[in-house]
Every structure is written in C-alpha cells, then in structure tokens.
Amino acid sequence: MRILALDLGTSSVRGLVLDAAARPLPDALARRPAEIVIGDDGRATLDGPGYLAALVECLDELAGAGHLHGVELVVASAQWHSVVPLGPGGEPLGPVLTWLDTRPTPPAGLTGPADPGDYHGRTGTWWHRFYWSVRLPWLRERCGPGRIRFAGLVEYVFGVLLDEAVMSVSQASGTGLLDLRTLSWDPEACELAGVRHGELPALAPAAWFGRLRAEYAGRWPELRNARWAPPSGDGAASNVGSGCYDSRRAAVTVGTSAAVRLVQTVPAGAELPPLPDELWRYRVDHGHLVTGTAFSGGGNLYAWARREMRLPEGHELDRALARVPPLGGIPADSRLGGDRPPGLAPAGSGVLSGLGFNTTAVDLLAGLMGALCHQVVAGVAAIESTLDEPVQVVLGGGAVAASEWWRHSFSVALAPRAVHHVRNPEIGAVGAALVAIGRLDGASGLERIVRTDEDESPTATRSARPQYRS
C-alpha cells in the first residue's frame with residue numbers, strides 16, 4: 001500500500017507519497033507556495049480558489065511522474081483555526097482568514113462566557129479573536145444578508161474534491177466551538193458565535209472516509225478507489241510525526257510559527273485532565289488530546305530578518321551566527337505577528353532594543369531567535385506543571401532544521417531537560433498518516449527519519465558543532 005499525504009500549511013501546499021509504514025518515498029514530492037496577504041491592519045489571508053489550484057497542480061505533478069500508482073489512502077495535515085465564509089453553492093464569499101489574522105473583534109454588547117474557567121476547560125479555548133466564537137460574527141457582518149455557512153480551509157478544499165463535506169474532530173477542536181469531552185458542538189460557544197442552523201460543517205464520525213468526486217477521479221484515476229481520511233490538525237500531526245505521542249515527550253515545532261505541545265490518551269466521554277489557564281487544548285482524534293501553547297513568531301522571524309536585513313545565505317549565515325553565543329544577540333520581543341491566545345497584543349508588537357553602532361544584522365536575527373527560545377521554555381514549564389516529572393523535548397520543523405545555532409540555543413535554554421531533534425522535514429505529513437492508520441507510536445521521534453535527498457549524519461552533525469565566542 002502507498003499513502004498520499006497532503007501538508008496544507010500556511011506558507012505552502014505539499015503532496016508526498018509514503019509507504020505503508022508512513023516513510024516518504026524517494027523523490028515523490030510536489031510543492032507549491034501559498035501566498036499569504038499581510039496588511040498593516042492585522043489582516044493575514046489566503047485566496048481559497050488559488051490554494052485549491054495549487055493543490056491540484058501538486059497532484060497533477062505526482063500523477064504525471066507515476067507516483068500515485070498504488071495509493072490506497074489519502075491523509076492530510078492541515079492548518080488549524082482558518083475560516084472562510086461560503087455561499088449556497090460552496091463558493092467562497094471572501095478570502096480565508098488564517099491563524100495570523102488579528103482583525104476580528106467581539107460583537108458590541110457581548111461579555112463572553114458565563115463561566116470563563118468552565119468554558120476554557122470544555123472547549124480548550126478562550127473567547128478570543130483567534131477562534132470562531134469571535135470570528136464568525138465578525139465575518140457575517142462583512143458578508144451581508146443571505147445564506148452563509150462556514151468552513152476551514154481544508155473543509156473548503158475537500159468539499160470541492162470529495163463526495164461528502166465533513167469536518168474532523170481534530171479540525172473542529174481548533175475552531176473553539178467543540179466540547180472536547182462529548183465531541184459535539186458546544187452550545188454556549190455556538191451561541192457566542194451566533195451560529196444558525198446549517199452554518200457549521202457536519203462532524204465526521206470515527207470511521208469516516210471520503211472518496212473523490214467523479215470529475216476528479218477521472219483526472220486522477222489512480223485515486224479513484226482511494227479512501228480519504230479525516231484531516232489532522234497540523235499541530236497534532238507534527239507531534240505524532242515527531243514521536244511525541246504520549247506524556248513522556250513534548251514537541252517543540254518551529255515552522256512558520258512555533259508551538260509547544262503534549263499528547264495524552266483521553267477517549268471521547270472520559271473526564272478531561274486539568275488545564276492551566278495559559279494553555280490551550282485540542283483533539284488529535286477521537287481518542288487523544290493535545291495540550292500546549294503557540295507563538296506567532298517562528299520561521300517567519302527567520303525569513304523576515306533574512307529578507308529585510310539582506311543577510312547572507314546558507315553556510316555563510318551559519319558561520320556568522322556561530323560567532324554569537326547561544327541565546328545571544330540583542331534584547332528582543334519576537335511578537336511581530338502579535339500574540340496567539342490568550343494574549344491580545346496586536347500585530348506589530350515586536351521590539352528590538354539596545355542597538356549600538358556595533359550591532360550587526362546577525363545580532364538582530366539572533367536576538368529574535370533567542371527571544372522565541374525563552375517563550376518556548378515558559379511553555380514547556382507550563383505543560384510540566386500538569387505532570388509528575390519533567391518531559392523530554394523533541395525539536396522539529398523546517399526552521400530549526402535550517403539552523404544549527406537555533407537548535408543549540410534551544411538546547412541551552414531547555415537544559416537540564418533531554419533535548420532531541422527530528423531531522424525529518426515531513427513530520428506533519430508522516431504524523432497525519434500515522435494517525436490515520438492507528439499507529440501513533442510509529443515514529444520514535446528520536447530516530448533520523450529523513451527524505452532521501454538529505455545526507456547529513458547525526459554523528460557528523462554533533463562532531464561539527466560550531467565553536468561559539470564567549
């Protein structure tokens with residue numbers, strides 16, 4: 001059996017083919033960039049039809065190269081928290097709001113949940129601009145009268161491609177409208193969101209699988225009989241793909257943004273574990289929870305600094321960073337994109353301070369990267385407050401994979417905890433596959449599971465660690 005894994009992220013659309021054990025096959029990868037529109041007013045949106053077209057191009061590329069032969073299962077790791085208003089025919093009535101959009105505000109006159117603590121415990125979220133409880137009324141006001149329904153980006157895309165449009169409990173948990181114990185829409189959250197009949201997607205049952213619509217089955221005949229599994233939230237999938245499938249290990253994933261997350265086994269209907277005020281909680285699937293905290297800064301800091309400060313590329317930048325001590329650089333606040341919940345800092349809250357005539361562009365980059373390290377340490381400590389012993393930490397994601405300095409800074413900041421690094425750049429896609437086949441323990445997270453175009457060895461990496469100036 002082959003598995004087609006889709007990674008539907010904020011900055012790119014990816015499709016890759018895995019074997020039956022969820023290992024990526026050589027060269028079976030297609031990627032297209034996703035262009036997010038960022039505005040000074042806090043907007044951060046994607047074009048839904050354009051995103052769908054990029055995914056179709058990826059599948060066309062894989063089909064043209066013969067990589068879709070033998071695919072029996074399609075899985076997806078998809079961005080949490082996005083929302084798009086749809087018309088009666090499923091057409092977008094506006095752009096897709098991503099997690100990074102900070103514009104939504106609560107309706108005038110509403111004061112939020114009757115018991116914020118109980119609401120947080122049930123839904124794992126807060127009454128916050130990040131979630132559909134605030135986003136739906138804000139969007140409805142801008143769409144005007146007429147029938148409307150709401151979907152996340154992956155529900156819009158799958159609604160076009162598949163014969164049935166549903167929402168997985170993993171994706172639904174990221175809306176902030178799901179009761180995490182009963183796995184049904186939470187009445188109070190829906191009331192705050194002003195939800196009307198038929199405006200929310202149907203929730204996929206545990207055994208749900210979709211099939212391609214006839215027109216797309218004709219386009220990709222190799223996928224005609226393939227089963228499409230319910231999509232996994234990208235954070236949940238990344239944890240599983242990092243080998244962090246239980247409370248022994250917390251995943252620190254730095255992609256476009258950054259997050260700290262811990263997975264626990266909690267079946268539907270079971271009592272939920274205590275949830276600290278500063279942490280969110282979502283669903284991996286019907287049997288597992290994921291608890292954590294997230295930050296708007298991540299690989300986007302790295303990309304912004306490299307672009308705007310015209311930093312060198314590749315090994316030249318590595319050599320320049322190697323002259324800065326771990327966690328060095330200038331004092332910084334890395335919230336260029338604002339706060340993730342429960343914080344309310346708007347986009348544009350980043351700060352670089354303590355500049356002098358000897359400050360270099362590399363010092364600025366190092367300061368921003370170090371600031372995120374300190375945020376992550378606080379997140380790990382909050383998660384550990386719910387456990388009996390410290391966790392091991394597994395670093396993953398494309399941004400830390402690209403920077404040895406950043407990995408070493410995380411290790412220094414997180415000491416004395418054991419810190420590991422997953423060199424597999426496809427942890428989201430692999431994790432989504434492992435969830436779909438019921439093998440959450442299928443990736444140890446401490447093995448070097450890599451794409452075939454990567455030849456760096458762990459031994460060589462350790463022995464070649466840069467020497468940092470004191």
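# Close-up views of the predicted model

**View 1. Strand β5 (residues 44-46) pairs with β8 in the antiparallel sense over 2 bridges.** The labels come from DSSP: helices are runs of H or I with at least four residues, strands are runs of E with at least two, and both are numbered from the N terminus. Two strands are called paired if DSSP finds at least two bridges between them. Look for L46, which sits opposite V96 in β8. Three strands make up this open sheet, ordered β4-β5-β8, and the pairing is antiparallel. The edges are β4 (37-38) and β8 (96-97), each pairing on one side only.

A quick word on what you're looking at: this is a predicted model, so local features need pLDDT of at least 70 and side-chain atom pairs count only at pLDDT 80 or more, while totals for chains, interfaces and linings use all residues. Residues are numbered from 1 along each chain as its sequence is written, and side-chain values use heavy atoms, with hydrogens and water left out.

View 2. Buried here means under 20% relative accessible area, with exposed being over 50% and partly exposed in between (1.4 Å probe, protein chains only). Since 7 of the 7 residues of β2 are buried, the strand is largely enclosed by the rest of the structure.

**View 3. Helix α8 (residues 234-241) packs against helix α14 (residues 427-436).** Their axes are 7 Å apart and meet at an angle of about 90 degrees. Axes are lines fitted to C-alpha atoms, for helices over the stretch in contact, and angles run from 0 to 180 degrees between N-to-C directions. The two helices are therefore roughly perpendicular to each other; that label covers 65 to 115 degrees, while under 35 is roughly parallel, over 145 roughly antiparallel and the rest oblique. On the α8 side, the contact (heavy atoms within 4.5 Å) uses A237, S238, V240 and G241, and on the α14 side I427, G428, V430, G431, A432, L434 and V435. Sorted by class, that gives 7 nonpolar, 4 polar and no charged residues. In this scheme Ala, Val, Leu, Ile, Met, Phe, Trp, Tyr, Cys and Pro are nonpolar, Asp, Glu, Lys and Arg are charged, and the others, Gly among them, are polar. With 7 of its 8 residues buried, α8 is largely enclosed by the rest of the structure. After the helix comes G243, with a positive phi near 80 degrees.

**View 4. T253 sits in strand β16 (residues 249-254).** At 10% relative accessibility, T253 counts as buried. The side chain of T253 makes a polar contact with the side chain of R261 at 2.8 Å. A polar contact is a pair of N or O atoms within 3.5 Å; within protein, one must be able to donate a hydrogen and the other to accept it, and residues adjacent in sequence count only if both atoms are side-chain atoms. Leaving out residues up to four places away in sequence, T253 touches S238, A258, A259, R261, G396, G397 and I427. V422 lies 169 residues from T253 in sequence, yet their C-alpha atoms are 9.8 Å apart in space.

**View 5. S296 is in the loop between β19 (288-295) and α9 (299-308).** At 6% relative accessibility, S296 counts as buried. A polar atom of the S296 side chain is 3.2 Å from the backbone oxygen of G338. Setting aside neighbours within four places in sequence, S296 contacts W99, L100, T256, S257, G337, G338, D339 and R340.

**View 6. Helix α10 (residues 314-321) crosses helix α11 (residues 361-384) at an angle of about 80 degrees.** Their axes are 10 Å apart, and the angle therefore makes α10 and α11 roughly perpendicular to each other. L317, A320 and L321 of α10 meet V362, L365 and A366 of α11. By class, this contact has 6 nonpolar, no polar and no charged residues.
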